[in-house]
Amino acid sequence: MNIRDFVDLKQFEEILNAWSKATGMATIALDDKGEYISGEIGFTDFCMKYTRGSEEGAKRCLKCDQEGKDVYFCHAGLMDFSKDIVVDGIYFGKIIGGQILPQEPDEEKFREIAGQLGIDPDEYIEALSKIRVSSEESIHAGADLLGIVVNQMVANEYYQYKDKQSNDKVSEGIENVVSYIHNINAYTKNLDKLEKNQKILALNASIESARAGEAGKGFAIVANKVGSLAADFGACNHQIKDELESLTEAVGEITGQKL
């Protein structure tokens, strides 16, 4: 099952947007196959235009995205985070993001990184100046909050989806039972006819054996057997009707319908 099957992705992205505006951190969500299920929210030029825009920077960023856990420093010196989306032990994807500084940046260090990535240092520092600075404690709290909110939302929608599936299956099962009841009712009408015909046959056989007198003794035995079978058949037919009546009443109580 994919998260797209049951989550309102529009509402999901609204939560990410509101959180990004409140914290100044960027974020994006992926499904269990690593495919994006949201847009790039709050992403900065420092990361997207410059760091990921360079060949070497893109390689290093990809490695961080794949290996980063919880809250961590990325290769470019910013703090990022990765939070798994898990419900009942099922992994549905993750939210990653961050792109924030835990303290005022050391310009010389970032100029050195720019040189390693083949980026103009002055442009890199200009982009860096627009990165929000927040305490490491606040960054951890913000990442944890988003993880809790997203997991709670996904869990709620997952359980609603599962409940609906269960209810649909129950409804389908009840519809099938109702159909079976109608079919059995039709069959019992045929059984009534067979029961009546067997009784008539048994009665006729008894009359004929009586008329035959001594010569009809053997035929009388057959007539008795036919009568016995007719009685057994009738008892079985009535038992089926009783059980069917109980089943019909039970299903009627569940559905609120008179079957």
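Trainee: Which residue in β4 is the bridge partner of Thr 27?

Mentor: In this predicted model, Thr 27 has its bridge partner at Gly 97 in β4.

Trainee: What makes β1 and β4 a pair?

Mentor: Two strands need at least two bridges to count as paired. β1 and β4 have six bridges, in the antiparallel sense. They therefore qualify as a pair.

Trainee: Why are β1 and β2 called edge strands?

Mentor: The open sheet has four strands, in the order β1-β4-β3-β2, with antiparallel pairing. β1 (26-31) and β2 (70-73) each pair on one side only. Neighbouring strands of this sheet are turned by 20° against each other on average, direction ignored.

Trainee: Which strands does helix α1 lie across?

Mentor: Helix α1, residues 9-23, lies across β1, β3 and β4. Its angle to β1 is about 155°.

Trainee: How many residues line the largest pocket, and which are the closest to its centre?

Mentor: The largest pocket holds about 240 Å³ of space. Its lining has 21 residues, and Phe 43, Arg 52, Asp 65, Ile 96 and Gln 99 are the closest to the centre. A lining residue has an atom within 4 Å of a pocket point, so these five meet that cut-off.

Trainee: Which element gives the most to that lining?

Mentor: α3 does, with four residues. Elements that each supply at least two are α2 (45-51), α3 (55-67), β3 (79-87) and β4 (90-100).

Trainee: How does the lining divide into nonpolar, polar and charged residues?

Mentor: There are 13 nonpolar residues, four polar and four charged. Asp and Arg count as charged, so Arg 52 and Asp 65 belong to the charged group.

Methods: Residues are numbered from 1 along each chain as its sequence is written. This is a predicted model: local features need pLDDT of at least 70, side-chain atom pairs count only at pLDDT 80 or more; totals for chains, interfaces and linings use all residues. Side-chain values use heavy atoms; hydrogens and water are left out. On a 1 Å grid over the protein atoms alone, a cavity is a set of points where a 1.4 Å probe fits but cannot get out, and a pocket is an open set with protein on both sides within 12 Å along at least five of seven lines; lining residues have an atom within 4 Å of a point. Grid points are joined across faces, edges and corners, and a volume is the space filled by probe spheres set on the points. Axes are lines fitted to C-alpha atoms, for helices over the stretch in contact, and angles run from 0 to 180 degrees between N-to-C directions. Contact means heavy atoms within 4.5 Å.
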